[in-house]
Structure formats: structure tokens, C-alpha cells
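The following note was prepared for a colleague who wishes to review the packing of secondary structure elements. Please read it alongside the displayed coordinates.

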There are 2 protein chains.
Amino acid sequence: MSERLDGLKQRLGQLSDIGHAMSLAHWDQQTMMPPQGGEARAESLATLTGISHEMFVDDETGALLEGAAAELNGADPDGDDARLVTLVRRQYDKARRVPTDLAAEMARAASVGQEAWVVARVQSDFQSFIPYLERNFELARHYVECHAGCDDFEAPYDVLLDDYEPQLPTREVATLFAQLKAELVPVIAQIAAAEPVDETPLHAQFLVDRQRALVREVVGLMGFDDTEWRLDDTVHPFATRIGGGDVRITTRWDERFWPTGLYGAMHECGHGLYEAGLPRRLRRSPVGAAESLGMHESQSRLWENMVGRGRAFCTVLAPRIAALAGGELADLDADRLYRAVNRVTPSYIRVESDEATYALHIILRFELEQRLIDGTLAIRDLPEAWNTRFEEYFGIAVDNDADGVLQDVHWSAGLIGYFPTYALGNLIAGQLWERALGDITDLEEQLAAGELGMLREWLGEHVHRHGSKFTTAELLAREVGGPMSVTPFTSYLKAKLGDVYGLDLDG
Amino acid sequence: MSERLDGLKQRLGQLSDIGHAMSLAHWDQQTMMPPQGGEARAESLATLTGISHEMFVDDETGALLEGAAAELNGADPDGDDARLVTLVRRQYDKARRVPTDLAAEMARAASVGQEAWVVARVQSDFQSFIPYLERNFELARHYVECHAGCDDFEAPYDVLLDDYEPQLPTREVATLFAQLKAELVPVIAQIAAAEPVDETPLHAQFLVDRQRALVREVVGLMGFDDTEWRLDDTVHPFATRIGGGDVRITTRWDERFWPTGLYGAMHECGHGLYEAGLPRRLRRSPVGAAESLGMHESQSRLWENMVGRGRAFCTVLAPRIAALAGGELADLDADRLYRAVNRVTPSYIRVESDEATYALHIILRFELEQRLIDGTLAIRDLPEAWNTRFEEYFGIAVDNDADGVLQDVHWSAGLIGYFPTYALGNLIAGQLWERALGDITDLEEQLAAGELGMLREWLGEHVHRHGSKFTTAELLAREVGGPMSVTPFTSYLKAKLGDVYGLDLDG
């Protein structure tokens, strides 16, 4: 009775197996691969992408989808199988519009571009990077054109965004971002006029090996498990699940700015917990994958910021940092740590920015991406556009491209339409955090005791175990009772920053 | 005019790209993967193997081969293209006889078996390992049966051996091994009756971090290059090329037996130099791959033993070991080192055995494998068969399976018919070494000065650059002027061991 459904699952399982190999190839490229291996890696990824694309868009997949849908007639629409068919049908229809050659070429250009970016960033050399970036945006435009006339998308950018944040129109993102900006700008201004907090603990020397020990302990409290996880060094931190029982996170280290290592690792470990918490029974199935990147980022930001930069957990961190770092940090206490890690100050690098200005980094990229895609901005004019807008938003001038337009790996790796999901993650994290605090009445006490298990389980129950059975909008409706919204995040942030700076930010 | 040939090359290039992903998956499984990742890895490897097999045995490959052969009518039979068609035609005919399901299942069982082996070896628990080993041998028998009635093979074992040592019949291997055994047994007996050499330097403490520094320097002299190579730790050392510009070698370390790290690394670096020296123009082509495993092993054994354990290079190693290890090794001199590393003594572990007894380890496995394949020996009786034969050959009793039948990864990973290539490697190394000493008249002086470049280039010229354009027999005929033979190796060995033990071993 479920012959076609079984056939569909088998095919999707094989596609997941190819995805496994591609995830490993990406992870390896960013952590282990010798520099000269890039060319062959790009070819391999292009071929695997092409094979995977062809296998997925094959008529047989469509026939299996039809057959499975018929077999499931009358089944629970929220059941794993019904959700699988709905989810995959939509992905299939979208993928069918894309020629295999284009999919393979996008993978190749992304892999090659990423190698070029590593070099360009180190040398702050945008000029050498132009052809790679042009190629990626050109291919992205071809990709958008494949979906011309499709009812699913209102704007060209919708096509790209949908790959990372399914079924969320650019228009809605723009509305949320406008609200967010309107809330944040006065907060940033009030803080700029206030007495600055003492940032010196952030820049005190902290030997990398000691930082590693701290990070090992902290991610251990979060749920990192040596039998299923790895932690490695990289240039641009990320988390990935290669397959069931194999979650890999990465971080980078700076002896004179230890938050890079610690908060980077907590962030990626948050992503990793989502991946590790996905349902075992759906391991090789697309429904068993994580939902949107916004939902993913909500997990990383919640652990990094709500937990890691919260007053409660700072009481756990401070004595450990003091003991491991010694020197200037030997007498670090929780209050001083809490203030320092929550300082708000305009800065160049997105991943090191504070929670208040973070969204401005994203909005800048979101705006520029749309112009690069609709053709109103040329790649060669990008640094100037970046720098002008940056100064307008942050009040500081970018003096080299490595700290400006070259800082992020994304565009080099063909990840266009991806950035907004980071700020959406903050919003969702705000919504989940509000709800978790309601559900776990002694959550702050638990965090202050270094007990992170109940929060992890709460997130498992409300987010992880669903995989991608529901869209982000559906999941939020089920779990927090409403659509994506700005207020829970900004309320949380104003309360915390008001505490840190001794200001009333709610006015 | 070369449309079909181009089509063939494109298809083979894609197969090479899939091979790239599989090599990476294997490397990762043995160096990086968290233990719980094994199940998903096995599925992924099975799927990739199946896809690759299907793409290769597809009728279209056959049509392209036919077409390419027609296009090449009259071309130089030793040219890259003509050799490609000959080589691939034979591989295609063999692969066509194997169902895709069997190929995929062999890959899955190999990957799963390898994980089971890691656990079984640590616990010296053969019992738990039986089902995995039975599965691999059962599949190997199915594989042999696929080729029933095929003129290419005389004996069942031929089918397996041919995958590693193309076109060499088991019968010829048995003849060579009988000669080799007849030469070695009296040598081992004479040495056993002689005054033992001082082995204590081998067991002196040598901190692992200091060993790493030594190994980095030595492989650097050999040609290891950070932009194209990696060196990692593993349980069972190996070398692999993931793709062009990406060669990876591994070793393991023992603070109380430093030769494991150093000679393991020199051995794998020898393999790596072969991979790195393959012709760039044939990077994604099967003709650009290494020839037989026997040829491969000749490279590793030549560097490990002829160079690394030779009197000349011991003058380079001794002062470095003395300086880095200090302590008991602080006054190590070249002569003492040379004697110690060339001691002959029966021992349990193949990879740590000396050059004289090494072949006996191989012959034992070669004999047992044939019985396991022809069904005259059952897996459950294997430890007893191993131990009985081991005591007969080596005069010492195996007291636990970890030091006996469980010591090698091969059978767990489905590598059956592979072991003989190790001893063949010694023979070929003997032939190449004899020739290199003739061609490079001051070779010993160069080695004593730590100058390894000319030997590397000689091997590149005579072996590496040919890829697999020629069979091992053809290559030996071209480069050393005769077939595979025992005497150059045994002459070299008797001369060295005679020197070490002060004996006349030629009598």
C-alpha cells in the first residue's frame, strides 16, 4: 500500500547520502583541506551537485510524489509522511525549473569563489576578487530568471531568500526590518550619549590554549558530546551536521579578544544542538532536516546572547575566565563581565558586533544584495556603496575592505539572500526566550548554577524535534502563538541594556 | 573527430569527482569522524559507490569506449588516449559483471566493518567481530562468483587480487613468495643464532611532540609541502590523494617506541610522493592514477627501508633524534641507530616488523585469505588457524587477538586480496633501488647529506609520471629491464643485514 512512498523515501535517502558527502566536502574545505586542493574540490562539488540535482528533478521523483500523495489520501496532514510529500513537492517544483548545468556551475563557482575570498580577505584586495563575485551574482541572476512568472515569488530576491527562509516574502522581511531599525536607532543613540561601560576585560590577554579549555567546558555544559561532535578551528565559523551522530562546530581564536572564541563556540554549539536534536527516525529524510535558517539562527543567538551574555550565566563564566586567563582577568567578577560583554559600540565586523547594532549590519547587506541582484549596483561599485552606507548607519568610516565588504564568506560562496536570516534569528530567539522564561519558572536560577539541560530540552521539545515538518510561520503559531514579531526581542534587549547602562530605554 | 573520446573523458572525470568525495569520506572516517557518525557514513559510501558503479557500467560508457577506440584507430598505442581506452575497457568489462546492489553493499559492509574493527581491536574481542568479517568474506565470494567462467582469471583469488594488482595471477605470486621464503628463512635462522643487536634505543622515551618535530623535518626533506599535503594521526596509518593538490598522509605515535611514528610517516610519505608525482595533465583521468598497489608499496618501502633504515640517512637522523629526544638517546650515534633499526626479531605486528620477517607476515595472510575465500576455513576458526600458523612461522605464540588476527584493518574494510601487494612492493623496491644506485652514482653521499631531491626526481621520472599507462609488468620491463623478481631485494637485504650483524649471509 505504500510502495511509491517507500520508493520516494529511498530516493530521498540517497539524496541525503549525497548531501552527506557534500557537507563533508564543505566542512573539510573550511577546516582541513590544503590550499592547493581547491580546484579539485570545486570540480567534485560541482559533479555531486549536478548528480544530486538530476536525480531529484528526474520525472521518476515526480511520479513517486504523485503516487505517494495518492497512497496518503486521508492520512493525518500533520503526520511525517504527509508533511514529507508537501515539503518535497514544493522543493521539487522549484528545482525542476533549474537546469542541472546551472546548479553544477553554481556549486563550482561557489567553491572556487570561497578559495579566492580567503586570499582576497587576507590581503584586503577587493580588485582580485571582483571576477569571482561577479560570477556568483551573475549565476544568482540566472537562477532567479529560471523562476520568472512563477506565482510563488513576488520579487527577484524572493527566489533567493526562499532557499534559506522558505515562503517568507522579501516584503515581510522589509517590514520587520523597518520596525526593528525604528526600535533600535534610538536605543543606540541613547547609549552613545551615556557613560561607556568598561571594555578592557574583552581585550585582556587570554592564551589560546586556556581559551580552548574554557570553551570545552562551556560547550560541554551545553551538551557537546565527544562521541557525536567535533570542534575545529576555521576562518569563518560555522556548524554543520555531516550525518546522524556527526555534528561539527568550528570557532576561531584571538589571544587579545577572547569573546571571539567563547561566544563564537557558544553560537555554533547552539546550531549544533538543533542539528543533534533533530528526530532520529527521520535521519535521512528532508523532513528530518532543520527548518529555515532563521529558525536555526534563533538557536545560536539564544545560546550566545540570551544565555551566554545573560547576567545569570555570567556568574558561571566569570570565575572560570578569571582562573584560566589569570593576569589582567584574575579578579574578573560576574558584574564586570556582564557589562563588558554587553557593551554597545559601532564596529566594523558583523560577527563581533553587539546585539543592538547587529541588525544594522544585516540591513546594510540586505539592501545591497537586492541592488546587486536587480542590477542597480555593479560589483565594482560595491566597496564604495558599502562604505558610504556603513558610515551613514554606524558613523564610522571603513578604512580597508577586509574590515568592510570582504569580511564575510557568504557572497564568495554563492550564499546570496542568506544574510536576512541572521536578524530574523534574533527576532525568533526573542520570541522563544520569552516563552521559555514563562514555561521554566526558575530558568535564571538554573543558568546561574550552570545547569543548561532543561533549557536544551525545552528547545528540543518546542523546536528541534519537529525537523522541518512545519514552516517557520507554522511553528511559531504552534509554539509561541503568533507570527514572527519584533517586540519580544527589542523588549528583552532594552531591559538588558537598560540594566547594563543604567538607563530607562523603554521610554 | 574526438567527440566520443571527449565524452568518455568527461564521464571518467565525473567518476573521478565521485571518487574524490569517497576518498575524503574514507580519510575522514579514519582521522576525524566522531564514533557515532559511522552508520551514516556507511550509508553515504554505499550510495556513492552505487551511483559511481551504475554510471560506469552504463551502456553509454561502453558506447563511448567503442567510439573512442574507433576515433583512435592508428594513434600511438603508448599515447595517453590509447592507453586510457585499453585500461578502462578492461575495468569496464570487469565492473559490468558486478550488480550495482552488490557493489553498494560491499561498500556499506566495509564501512560498518571498519567501525566494528576499531572497537574489537581495542577490546581484543574477536567474537563480536565475527559477523562483520563473515559478511565481508561472503560478499567477496559473491563478487568472485560474478566473474565465473571469465577467461581473465584462473583461480577465485585472482579476481580479488586483480583489483589491487591488475593482471597478476595468484600462481605467479605463489611462485615469487616461495622463492622469497626460501631465501629469507635461512637468513632469519643465521641471525637468530648470532649476537643480537642493541635494541634499547628503539624503546627509549621520546616525547610525542618532539617526535612530531622530527617527522615534520624528515618528511619536509622528502618533499612534503604544506600547501598540498596534510599529516594527521590515525589508528592504522595510510596515505591518500583526495584530488589534485591534496595529498594526505597519516601516522601514529608511541612515546616508548618512536620508530612507529618516524618510519610510519616516511612510509606514508613515500606513498604520498607517488600520488603527488602523478601527471598533472591526467588529474581527473584513470590513466593519471597510480598503477598497482605493489608499485605503490615499492615507493613507501623504498623510502622507509632503503632510505630511512640505510646507513647513509642514519647519519642524518641520529643527531636529530639525539637532540630532540634527549635523555637516553642524547648520545645516539649513526652506527647505533643503524643497527637498532635494522634488528631482525620475530614479532607479532606486521607494520612494526623488520624487513626479513615482514614477508612471512604477508605469506601467512595470503595463505589464510585463499582458504577463507575457497571455503576451506571458516571465520570462527580463523584465530586458531592464525595462531597455529604464526607459531610455526615465527616460533612465538600469539596470546591475544589484538596482536594477532585483529591487528590489521584490511579485512574489516573489505580489502581482501590486498595483502600480497605489500610483499610485492618489497620486491619491486629492490629492483628500483638497484637501478637507482646504478643511475645516481653518488646517491649514498646525497642521502648522507640529507639531499633527497634527486632520488625523488628519479622515482618521478621512472615511475610516477607514467600514472597507470603501463601495467606493473610493462613498467618493470621498461624501467628495470625484466619481470618482477626476488633477487635484487634479497641481495640488498643480505648485504645490509650482513653488515649489521657482522655475518656472511650470501653463502
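1. The structure under review is a predicted model. Every value quoted in this note should be read with that in mind.

2. Helices 13 and 14 of chain B. Helix 13 of chain B spans residues 311-325 and helix 14 of chain B spans residues 334-341. On the side of helix 13 of chain B, the contact involves B:Arg311, B:Cys314, B:Thr315, B:Leu317, B:Ala318 and B:Ile321. Helix 14 of chain B contributes B:Ala334, B:Asp335, B:Leu337, B:Tyr338, B:Arg339 and B:Val341. Sorted by class, this contact has eight nonpolar, one polar and three charged residues.

3. Helices 17 and 19 of chain B. Helix 17 (residues 420-439) of chain B packs against helix 19 (residues 453-462) of chain B at an angle of about 115°, and the two axes are 11 Å apart. Here too the crossing is right-handed. B:Leu432, B:Trp433, B:Arg435, B:Ala436 and B:Asp439 of helix 17 of chain B meet B:Leu455, B:Trp458, B:Leu459 and B:His462 of helix 19 of chain B. The contact has six nonpolar, one polar and two charged residues.

4. Helices 2 and 4 of chain A. In chain A, helix 2 (residues 38-57) and helix 4 pack with their axes 9 Å apart, at an angle of about 115°. The crossing of helix 2 of chain A and helix 4 of chain A is left-handed. Helix 2 of chain A supplies A:His53, A:Phe56 and A:Val57 to the contact, and helix 4 of chain A supplies A:Val88, A:Gln91, A:Tyr92, A:Ala95 and A:Arg96. By class, there are five nonpolar, two polar and one charged residues.

5. Salt bridges. Over all chains, the search of the whole structure returns 90 salt bridges. One salt bridge joins the side chains of A:Lys94 and A:Asp163, with an N to O distance of 2.5 Å. This pair links distant parts of the chain, 69 residues apart: A:Lys94 belongs to helix 4 (residues 80-96) of chain A, and A:Asp163 to helix 7 (residues 156-164) of chain A.

6. Sheet of chain A. Three strands of chain A form an open sheet in the order 1-3-2, with mixed pairing. Strand 1 (229-233) and strand 2 (239-243) of chain A are the edge strands, each pairing on one side only. From one strand to the next, the twist averages 25°. Strand 2 of chain A pairs with strand 3 (residues 246-251) of chain A in the antiparallel sense over four bridges. Opposite A:Ala239 stands A:Ile249 in strand 3 of chain A.

7. Sheet of chain B. Chain B also has an open sheet of three strands, in the order 1-3-2 and with mixed pairing. Strand 1 (229-233) and strand 2 (239-243) of chain B each have a single partner strand, so one side of each lacks a neighbour in the sheet. The twist averages 25° from one strand to the next. Four bridges connect strand 2 of chain B with strand 3 (residues 246-251) of chain B in the antiparallel sense, and B:Thr240 stands opposite B:Arg248.

8. Helix over the sheet of chain B. Helix 1 (residues 3-31) of chain B lies across strand 1, strand 2 and strand 3 of chain B. Relative to strand 2 of chain B, helix 1 of chain B runs at about 140°.

Notes
Residues numbered from 1 in each chain as written. Chains lettered and ligands numbered in written order. Predicted model: local features only at pLDDT ≥ 70, side-chain atom pairs only at ≥ 80, totals over all residues. Heavy atoms only, no water. Axes fitted to C-alpha atoms, helices over the stretch in contact; angles between N-to-C directions. Helix = DSSP H or I, 4+ residues; strand = E, 2+ residues; numbered from the N terminus. Contact = heavy atoms within 4.5 Å. Nonpolar A, V, L, I, M, F, W, Y, C, P; charged D, E, K, R; others polar. Pairing = 2+ DSSP bridges. Salt bridge = Lys/Arg side-chain N within 4 Å of Asp/Glu carboxyl O. Left-handed = near helix turned anticlockwise from the far one by under 90°.
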